[in-house]
Amino acid sequence: NIFWVNHNNIWYSHGDTLLKYSTLNNTIEPIAYFKSNRAVCFFQSGDSLIIGTLKNVYSYKNNFLNHIGNISSRKANANPFTVFTYQDNKIWFGTIKGLFIFNPQTHVIDTIRELYQSMVHNTKLFKDYILIGTYGNGFYLHKNGRTVKMPLDKNQYLLNVHTFVYDKNGM
């Protein structure tokens, strides 16, 4: 997986190593080695980079990698496709088993009930909404603690939502 931050850095994983490529000076810097726990998704939160690995969540800020917590659980199955922070400052992550919320203070993982057992492949923050795309179960909107499944198109192409794209009107 590849993540481009602020037009200067491209983050990616190669095997179990997290790398940062600088577009300014054309250099590659190894940031971390995650033994049997590769980085699979990224999210920029302010001046920090949130990194989801197969089993854990980390933040990277000012050249320091901080372990936030273990997100592997029987119900969540870890291996996130997407990771992000939302208004509650908790870590949200989507897996083949649904959308989950990890509390870094208590290390408790909560489930978004409406999406349990749905493969949550991608998410996008738009204004105060979370747009949630699944494979095989359509797409959802989440706002103020409420998750709503959106209607499908007549051909049901939106059963598998691969990404959300901004346009000149926002979304």
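Two rings of Phe, Tyr or Trp (for Trp, the six-membered ring) make an aromatic pair if their centres lie within 6.5 Å; planes under 30 degrees apart count as stacked, over 60 as edge-to-face and the rest as tilted. Searching the whole structure turns up 9 such pairs. The model is a predicted one, in which local features need pLDDT of at least 70, side-chain atom pairs count only at pLDDT 80 or more, and totals for chains, interfaces and linings use all residues. Residues are numbered from 1 along each chain as its sequence is written, and side-chain values use heavy atoms, with hydrogens and water left out.

Take Phe-34 and Tyr-58: ring centres 4.9 Å apart and planes at 40°, so this pair is tilted. Both residues are buried, meaning under 20% relative accessible area with a 1.4 Å probe and protein chains only (over 50% is exposed, in between partly exposed). Tyr-86 is buried at 11% relative accessibility, and Trp-92 at 2%. Ring pairs also join these two with Phe-43 and Phe-84 in a cluster.

Trp-92 turns up again in the largest nonpolar core, a set of 24 residues in which Trp-92 and Leu-99 touch the most other members. A core here is a set of buried Ala, Val, Leu, Ile, Met, Phe, Trp, Tyr and Cys residues joined through side-chain atoms within 4.5 Å. A second, separate core has 11 residues, including Phe-34 and Phe-42.
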